[in-house]
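The following exercises are meant to be worked through with the sequence and the coordinates side by side. Try each task before reading its solution.

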Amino acid sequence: MLHKIDLEKLNIDKEFFHRCDTFITLLQKWGKVHNLSGRLTKEDIEENIIDSISPLEFIDNYDSFADIGTGAGYPGLILAMARADKKSYLIEPRQKRVAFLNFVKNSLGLKNVEVLCKRVEEVEELKVDLVTSRAVTNTKLLLDITANISTEKTSFLFYKGSLLESEIEEAKLKNCIIHSRKDRNYLYLKGKI
């Protein structure tokens, strides 16, 4: 399934597939012991990888990003694997998940990744071009809690499900872009709203 991805179309690093193979193996090993993800079959992990990188087709270029609540690696670690030339901050408060993310980072030699064992509200002296998040909280709260790591030019990419329309209304968003793939909605905001 992964090898059907067009690396050039998504501007993905040529080492991506090799990194994915290692990631899948490590997640399956760690996931069973540490309960990192409920979906650990190769097919499920590959689907989550594809879900993580699909927005690379439509978002603007960026030099740095922060992923809020990276968990088992979706989407932040996968995006960092796909774009190893971009500075990546994976913000995750749970220690066992941080240990896993650091293990994968070191196993893959990802020099572009910094894993922060904090809640995003506690992060200081960090500003990024793009903020990403999947399955953390609602859009309005995400925008509020990431104010300390964003600027007027920061864009936001939130991986959302069926509640997207009500979240857009609650956050009073007007200039957002929505892309859909299967049961996933991608909410993209270019700059502060």
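Two residues are in contact here if they have heavy atoms within 4.5 Å of each other. The model to which this is applied is a predicted one.

**Exercise 1. Overall fold**

Solution: Begin with the elements, which come to six helices and seven strands.

**Exercise 2. Dimensions, surface and charge**

Task: Compare the radius of gyration of the protein with the value for a compact globule of 193 residues, and then characterise its surface and its charges.

Solution: For 193 residues a compact globule would have a radius of gyration near 16 Å, and because the protein has 16 Å, the two values agree. Along the principal axes, the C-alpha atoms fill a box of roughly 40 × 35 × 30 Å. Of the 193 residues, 54% are buried, while the accessible surface comes to about 9,500 Å², with 47% of it belonging to carbon and sulfur atoms. As for the charges, there are 30 positive and 29 negative ones, and their mean positions are 2 Å apart.

**Exercise 3. An aromatic pair and its surroundings**

Task: Classify the geometry of the ring pair formed by Phe23 and Tyr74, and explain which parts of the chain this pair ties together.

Solution: A pair of aromatic rings is described by the distance of the centres and the angle of the planes. The whole structure holds ten aromatic pairs. For Phe23 and Tyr74 the centres are 6.0 Å apart and the planes make an angle of 80°; since an angle over 60 degrees counts as edge-to-face, the pair of Phe23 and Tyr74 is edge-to-face. Phe23 belongs to helix H1 (residues 16–34), whereas Tyr74 lies in the loop between strand E1 (64–68) and helix H3 (76–82), so the pair ties together parts that are 51 residues apart in sequence. Widening the view, Phe23 and Tyr74 form one aromatic cluster together with Trp30, Phe100 and Phe103. Tyr74 is also joined to Pro75 by a cis peptide bond, with omega about -10°, and Pro75 is likewise placed in the loop between E1 and H3.

**Exercise 4. A buried helix residue**

Task: Decide whether Thr139 is buried or exposed, and list its contacts beyond its neighbours within four places in sequence.

Solution: Thr139 is in helix H5 (residues 139–145). Its relative accessibility is 0%, which means that Thr139 counts as buried. With neighbours within four places left aside, Thr139 is in contact with Phe158, Lys160, Glu167, Ala171, Leu173 and Leu187.

**Exercise 5. Positive phi in loops**

Task: Locate Asn35 and Lys182, and assign each its phi and its exposure.

Solution: Asn35 is placed in the loop between H1 and helix H2 (42–53), and its phi is positive, at about 50°, although Asn35 is not a glycine. Lys182 is found in the loop between strand E6 (176–181) and strand E7 (184–189), and its phi, near 55°, is again a positive value in a residue other than glycine. The relative accessible area of Asn35 is 55%, so Asn35 is exposed; Lys182, at 67% relative accessibility, counts as exposed.

Technical notes. Residues are numbered from 1 along each chain as its sequence is written. This is a predicted model: local features need pLDDT of at least 70, side-chain atom pairs count only at pLDDT 80 or more; totals for chains, interfaces and linings use all residues. Side-chain values use heavy atoms; hydrogens and water are left out. Helices (H or I, at least four residues) and strands (E, at least two) are DSSP runs, numbered from the N terminus. The radius of gyration is taken over C-alpha atoms; the globule rule is 2.2 Å times the number of residues to the power 0.38. Buried means under 20% relative accessible area, exposed over 50%, partly exposed in between (1.4 Å probe, protein chains only). Accessible areas come from the Shrake-Rupley method with a 1.4 Å probe; for residues, only the protein chains shown count as cover. Lys and Arg count as positive and Asp and Glu as negative; His and the chain ends are not counted. The place of a charge is taken as NZ of Lys, CZ of Arg, CG of Asp or CD of Glu. Rings of Phe, Tyr and Trp (its six-membered ring) pair if their centres lie within 6.5 Å; planes under 30 degrees apart count as stacked, over 60 as edge-to-face and the rest as tilted.
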